[in-house]
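Hi everyone, thanks for coming. I have one model to walk you through, so let me put it up.

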Amino acid sequence: MIKNAGQKMISETMVTKFDITKRQEQLLEELNKCDDELTGQELHRQLIESGKAMGLTTVYRNLQVLIKHGLIRSRHLPTGEVLYTPVDRDIHHLTCVQCGETSKMEGCPVKDIHTPKTNPKKFQLLFHTLEYFGLCQNCYQAQN
């Protein structure tokens, strides 16, 4: 059984414990230990270091399942790299399109926006994403 925020998200998204495999639980535990986002390769390396080794392909396959269950989210960088984090973390970023540098935004600009109370299509909102793209200070100064 998954503990802490991962367990909370399972019950909120109506995913039963039978839907989550031991490997998926291990991935959630490692993601919850980290305060930042992780790539699939970083997650794979952490699993090996903690004695819970699994193949890299297995890591990516199970990350996709966890995304479909609404338990984690992914963010694609301009470099093509993908970062993963639990959905209960409301993190947003500023990303430089030239060098790929990303920095966290303070707060959430859309947190106070409410979804419509009437929802004819029975849509269950799991999380949102917000990312700004532009030029970091160094890339902007290099152009001028």
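So, His128: leaving out residues up to four places away in sequence, it touches Arg73, Asp90, His92, Cys108 and Val110. Keep in mind that this is a predicted model. I picked His128 because UniProt, in an unreviewed entry, places the feature "binding site" there. That annotation may be inferred rather than shown by experiment.

Where does His128 sit? You'll find His128 in the loop between β5, residues 102–104, and β6, residues 131–134. And is His128 buried, partly exposed or exposed? With a relative accessible area of 27%, His128 counts as partly exposed.

Leu126 has its place in that loop between β5 and β6 too. Its relative accessible area is 33%, so Leu126 is partly exposed. Leu126 also has Asp88 at 9.0 Å, C-alpha to C-alpha, although the two are 38 residues apart in sequence.

β5 and β6 belong to an open sheet of three strands, ordered β5-β4-β6, with mixed pairing. β5 and β6 are the edge strands, each pairing on one side only. On average, neighbouring strands here are turned by 20° against each other, ignoring direction. If you zoom in on β4, residues 93–96, you'll see that it pairs with β5 in the antiparallel sense, over three bridges. Leu94 is the one standing opposite Ser103 in β5.

Now over to β3. How many of the residues of β3 are buried? Five of the five are, so β3 is largely enclosed by the rest of the structure. Val82, Tyr84 and Pro86 point one way from the strand, while Leu83 and Thr85 point the other way.

β3 has two pairing partners to show you. With β2, residues 72–76, it pairs in the antiparallel sense over five bridges, and His76 has Val82 as its bridge partner. β2 and β3 make a hairpin with five residues between them. In that turn, have a look at Gly80, which has a positive phi of about 95°. With β1, residues 38–39, β3 pairs over two bridges, also antiparallel. There, Tyr84 is the bridge partner of Leu38.

In soluble globular proteins, nonpolar side chains tend to be buried together. Here, the largest nonpolar core has 16 residues. Those with the most contacts inside it are Leu27, Leu31, Leu43, Val59, Leu63, Leu66 and Ile72. Which elements give two or more residues to this core? They are α2 (22–33), α3 (40–49), α4 (56–68) and our β3 (82–86).

Over to you for questions.

Notes: Residues are numbered from 1 along each chain as its sequence is written. This is a predicted model: local features need pLDDT of at least 70, side-chain atom pairs count only at pLDDT 80 or more; totals for chains, interfaces and linings use all residues. Side-chain values use heavy atoms; hydrogens and water are left out. A nonpolar core is a set of buried Ala, Val, Leu, Ile, Met, Phe, Trp, Tyr and Cys residues joined through side-chain atoms within 4.5 Å. Buried means under 20% relative accessible area, exposed over 50%, partly exposed in between (1.4 Å probe, protein chains only). Helices (H or I, at least four residues) and strands (E, at least two) are DSSP runs, numbered from the N terminus. Two strands pair if DSSP finds at least two bridges between them. Contact means heavy atoms within 4.5 Å. Axes are lines fitted to C-alpha atoms, for helices over the stretch in contact, and angles run from 0 to 180 degrees between N-to-C directions.
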